[in-house]
Every structure is written in C-alpha cells, then in structure tokens.
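Please view the sequence and the structure together while reading.

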Amino acid sequence: MKKISILSSVLLLCLNFSCKESSVKPANAGLISSATHVSPHSVTDASTSFANGSDVSWVTQMEASGLKFYNSSGTQQDLFTILKGYGINSIRLRAWVNPSSGWCNTADVVAKAIRAKNAGMNVMIDFHYSDTWTDPGDQNKPAAWASLSFTDLMTATYNYTYNTLNTLKSNGITPLWVQVGNETSDGMLWQDGRASVNMKNFAWLVNCGYNATKAIFPSAKVIVHLANGYDNTTYRWMFDGLKANGASWDVIGMSLYPTTSNWSTYNSECLTNMNDMVSRYGKQVMICEAGMSESAPTTCESFLSDLITKVKSVSGSNGLGVFYWEPEAYNNWQGYGSGAFDPTGKPTVAMNAF
C-alpha cells in the first residue's frame, strides 16, 4: 500500500482514455500513454468473415523436432497450407515474455505470424503475460517482473504489449484480435492481479494491455478470455467486476473442452452464456480455444460442427468465430492428447467441421 498517492494518480491516467494519440515515446509510455479510444461501434474490421481458427503455437517447435505434416492424401505439406485447405482462415499465437526454451518468445511469434499472413490468414495474438503457461490455476509473473511494485508492473505490462505489437507491425503484421491474458478466470499476474483478491488491480492491468494495443492497432479487437465457456456464474462475476472497475474490452473470449459424453450439454450451456454476455455487456463473443480427445475424431467433428453453428447463431451476429487449440499436435506431443491430426501426421475427420 506504499506510495498510494502516486499510485492513484498514475492509475487514473491509465483509466482515462483521451481522444488524442500519445506524444510520449514507447520506452517511456508506461501508464501515462493515452491511446486513442475506439468504441465498438466505430471499429471497422479488416475482415468481416467468421473466424475458422486454429492455435498452432507449437508448429515451429514441432518442426525443429523433426515432425512433419501431411495432407489427407499423405503428401507432405506446410501446416498452414493443410489447414487452409480445411477452411481455416485465422491463426492464434501465444506470446510468452522470456521463455526458457525460446519458443513463443517475440521472435518466434513474429516468424509464425509472417507465415500466417503469407498464407492469407488473419492473426490473433494471445498474451499470457508470463514466461510459461497460464490458465485458471497458474498465472505466474514473468521472472523479470516478479519483484516489481504494482505501478511498475502496470508499466511493464503496457510496454511489453506495446513493444511486441510494434515489432509485429514493423514486420507487416496487423492482428485482428489481441488477447490480454490467457484463461484469466481469476485474473492474471498473481498475486497483484488476482481478481478474487483485488478485482480493481486486474481491471487496471487489463486496461494497460488494452491501451497499448489501441496505441499500435486502433482497430484491433481486445479480448478478455476465460476458461469454461459454459460457466455463466463465473463469467457474470468476472465481467461485472471488470465493468464496475472501469476496464475496457471488445470481445469476451471462451474456452470449451468437453468430453465425448457431455459436449452437447456444454455447447448448449455455452450458447446460453454467449447470448447472456452479448445482452448483459453489449460485447461480442468468441471461442478462443476448443478441443476434444483425438481418440474420438468423429465425435469431435460433431462437437465442432454444432459449436460453430451455435456461435454463428449468437444474437445480433455477435459470435465471431471458433479456434481449435493445437490441432496439429500428434503422437502425444508434449503429453497433449486432444489434437486433430492422427499418429501419421494427417488431419482427422474432426477438421472437416471447418
């Protein structure tokens, strides 16, 4: 609680969106950068098509390990070419601050984003704000940020977001969507940004990511992403809290990982939740992650087909798309068993849903 008067002043600046772009240089921008605020009604999408998406953040690591990908005929092809053949038009890429392995750092994200662009696909950047995986049970700060004061943590969040997106921009990449935090069902950058402990802190951190995004890409849609898209109680708690604390976001993102036996129920509950989010907050919705066991590809195809239909049916055409999480993972890569490629490196019938 020290330096509370300084903290309050800086945070008010962070929450105050002006109509002018900041004249402060990125290195010093921090929290006092005033990004252009773009209301949902003034955003013009670069593409209005429904996002048939895949998160393929593992692709470069898999390729470096010697794994190859094949089309349904068994011909080796580039993964992006194979996915495009199934109707995938959008790619999601996770961004880690300083991963020990190097995979998913800024350089790796840029390399994959360039491949997506060259394949004619749209791009989503998924900031984890960590050096490794984040999810509802793990939201660890990057090692370099661990001892920062909360004011400095917000500055680091802003600057990292700004600089990463600026690097993408300088490489000709314009993401349509930017996700500030991954599966932040209880906030991010714990313990400072843990929502159940301090919702206001989480809201301020969301705004740091939001402001930085709009400063580089004013038309990009900023996503706040939670797990368990069927769980309306958690979504209302989170977004009521963010709204009450002045947070800004454009899209509510969801994950959905049902089993082969409960997928129909989950899909129905998810649709109810999506429509509630649209009516309650006036925001668009998207399935940022979906998956099912690779051992049941036919059931997975049914799950995805039904989910896509339901997202397209969201009131006011506010359902933006569905992303399958790491479909290219096969042969129990990294212990993950919910890809959509078979043991020979070919797509399963699950991909036909797109």
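In which sense do strand S1 and strand S2 pair, and over how many bridges? Strand S1 (residues 51–55) and strand S2 (residues 90–95) pair in the parallel sense, over three bridges. This is a predicted model, in which local features need pLDDT of at least 70 and side-chain atom pairs count only at pLDDT 80 or more, while totals for chains, interfaces and linings use all residues. Residues are numbered from 1 along each chain as its sequence is written, and side-chain values use heavy atoms, with hydrogens and water left out.

**Confidence**

- The mean pLDDT (the predictor's confidence in each residue, from 0 to 100) is 90 for the protein, and 86% of its residues reach 70 or more.
- Over residues 1–47 the pLDDT is below 50, and this stretch has 69 contacts (heavy atoms within 4.5 Å) in the model beyond near neighbours in sequence.
- Where pLDDT is low, the predicted coordinates should not be read in detail.

**The barrel**

- Helices (H or I, at least four residues) and strands (E, at least two) are DSSP runs, numbered from the N terminus.
- Eight strands close into a barrel with parallel pairing, in the order S1-S2-S3-S4-S5-S6-S7-S8; two strands pair if DSSP finds at least two bridges between them.
- On average, neighbouring strands of this sheet are turned by 25° against each other, direction ignored.
- Serine 54 has isoleucine 91 in S2 as its bridge partner.
- Helix H9 (residues 263–281) packs on the sheet and touches strand S6 (251–256) and strand S7 (284–290). The direction of H9 makes about 170° with that of S6.

**Helix packing**

- Two packed helices are described by the angle between their axes and the distance between the axes. Axes are lines fitted to C-alpha atoms, for helices over the stretch in contact, and angles run from 0 to 180 degrees between N-to-C directions.
- The axes of helix H6 (residues 150–170) and helix H7 (residues 199–216) come within 8 Å and cross at roughly 25°. H6 is therefore roughly parallel to H7, since angles under 35 degrees count as roughly parallel, over 145 as roughly antiparallel, 65 to 115 as roughly perpendicular and the rest as oblique.
- H6 and H7 have a right-handed crossing: a crossing is left-handed if the near helix is turned anticlockwise from the far one by less than a right angle, and right-handed if clockwise.
- Residues making this contact include Phe150, Leu153 and Met154 of H6, and Trp204, Leu205 and Cys208 of H7.
- The contact of H6 with H7 comprises 12 nonpolar residues, seven polar and one charged. Ala, Val, Leu, Ile, Met, Phe, Trp, Tyr, Cys and Pro count as nonpolar, Asp, Glu, Lys and Arg as charged, and the others, Gly among them, as polar.
- H9 and helix H10 (residues 297–312) have axes 10 Å apart and pack at an angle of about 15°, which means that H9 is roughly parallel to H10. Their crossing is right-handed.
- Six nonpolar, four polar and two charged residues form the contact of H9 with H10.
- Helix H5 (residues 106–118) packs against H6 at an angle of about 35°, with the axes 10 Å apart, and passes H6 in a right-handed crossing.
- The contact is made by Thr106, Val109, Val110 and Ala113 of H5 and by Tyr160, Thr164, Thr167 and Leu168 of H6. Five of the residues in the contact of H5 with H6 are nonpolar, three are polar and none is charged.

**Backbone details**

- The peptide bond from tryptophan 190 to glutamine 191 is cis, with omega near 0°. Glutamine 191 lies in the loop between strand S4 (177–180) and H7.
- Glutamate 183 is found in the loop between S4 and H7, and the phi of glutamate 183 is near 50°, a positive value in a residue other than glycine.
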